[in-house]
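Student: Hi! I've just opened this one and I'm new to it. Could you walk me through it?

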Amino acid sequence: MNDCLFCKIINGEIPSSKVYEDEFVYAFNDINPMAPVHILVVPKTHITNVLDITSENSNIIAHIFEAISKIAKQQKLEKGFRVVSNCNEYAGQSVFHLHFHILGGKQLSLQMA
Ligand code: AMP
Ligand code: ZN
C-alpha cells in the first residue's frame, strides 16, 4: 500500500516514537494522545480494518494481542487500560491501516460512544 500513513511509519519513511517492535507488529505513541498512555499497535502487513480480518490473516491478530499484553506490562498498566479499534469512518477511523489504540495511565470514563 504505497499511500498508507502507517505503512510509511512501519518502513521508516515517516518518523514515529517507537514503543515496541517484533517480526509482525509495530507499536508507537499516538501523535495526539487522548490519555497519559496512548499507543497504537499495528500489524506490519497492510490490513485495512477489522472487516478485513479473515482466516488467512487472523494469526496476526492473535500475535497483536500477545504484543498488547507485553506492552501493557512494560508501560505498567496492570491496574487498567482500554484497547479500541475504530472500524470505518462512521466509527471514527481516520487511518485505514488496522490499529489498536492502547489507552491508559488514568481512570478512564465508562462512556464508550
Ligand atoms: P483512528 O482515528 O482510530 O483511525 O486513529 C488514528 C490515530 O492515528 C489517531 O489517534 C491519530 O492521532 C493518530 N495519528 C495520525 N497520524 C499519526 C502519526 N504521524 N504518528 C502517530 N499517530 C498518528
Ligand atoms: Zn498500511
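This is a predicted model: local features need pLDDT of at least 70, side-chain atom pairs count only at pLDDT 80 or more; totals for chains, interfaces and linings use all residues.

Student: Is asparagine 88 buried, exposed or partly exposed, and why?

Tutor: Asparagine 88 counts as partly exposed, because its relative accessibility is 32%, and that class lies between the 20% and 50% cut-offs.

Student: Which loop holds lysine 76?

Tutor: Lysine 76 is in the loop between helix 2 (58-74) and strand 4. Its phi is positive too, near 60°, and lysine 76 is a residue other than glycine. Lysine 76 has a relative accessible area of 67%, so it is classed as exposed, the cut-off being over 50%.

Student: Okay, new topic: pockets. How much space lies in the largest pocket?

Tutor: About 440 Å³. The lining of that largest pocket has 17 residues, and Met34, Arg82, Val84, Leu103 and Gln111 lie nearest its centre. Strand 4 (81-84) and strand 5 (100-104) are the elements that give two or more residues to this lining.

Student: What kinds of residues are in the lining of the largest pocket?

Tutor: They divide into eight nonpolar, six polar and three charged.

Student: And what about the second largest pocket, how much space lies there?

Tutor: About 310 Å³. The second largest pocket is lined by 19 residues, with Leu5, Phe6, Asp30, Ile31 and Leu40 nearest its centre. Nine of the lining residues are nonpolar, nine are polar and one is charged.

Student: Which element gives the largest share of that lining?

Tutor: Helix 1 does, with three residues. Helix 1 (5-10) and strand 2 (25-29) each supply at least two.

Student: You mentioned Phe6. Is phenylalanine 6 buried or exposed?

Tutor: Phenylalanine 6, which has its place in helix 1, counts as buried because its relative accessibility is 5%, and the cut-off is under 20%.

Student: Last one: which residues make the nonpolar surface patch?

Tutor: Phe65, Phe81 and Val83 make that patch, which covers about 230 Å². Valine 83 belongs to strand 4, and its relative accessible area of 31% makes it partly exposed.

Key
Residues are numbered from 1 along each chain as its sequence is written. Chains are lettered from A and ligands numbered from 1 in the order in which they are written. Side-chain values use heavy atoms; hydrogens and water are left out. On a 1 Å grid over the protein atoms alone, a cavity is a set of points where a 1.4 Å probe fits but cannot get out, and a pocket is an open set with protein on both sides within 12 Å along at least five of seven lines; lining residues have an atom within 4 Å of a point. Grid points are joined across faces, edges and corners, and a volume is the space filled by probe spheres set on the points. Helices (H or I, at least four residues) and strands (E, at least two) are DSSP runs, numbered from the N terminus. Ala, Val, Leu, Ile, Met, Phe, Trp, Tyr, Cys and Pro count as nonpolar, Asp, Glu, Lys and Arg as charged, and the others, Gly among them, as polar. Patches are made of residues with over 30% relative accessible area and no salt bridge: like charges are joined within 9 Å, nonpolar side chains (Val, Leu, Ile, Met, Phe, Trp, Tyr) within 5 Å. Accessible areas come from the Shrake-Rupley method with a 1.4 Å probe; for residues, only the protein chains shown count as cover. A salt bridge is a side-chain nitrogen of Lys or Arg within 4 Å of a carboxyl oxygen of Asp or Glu. Buried means under 20% relative accessible area, exposed over 50%, partly exposed in between (1.4 Å probe, protein chains only).
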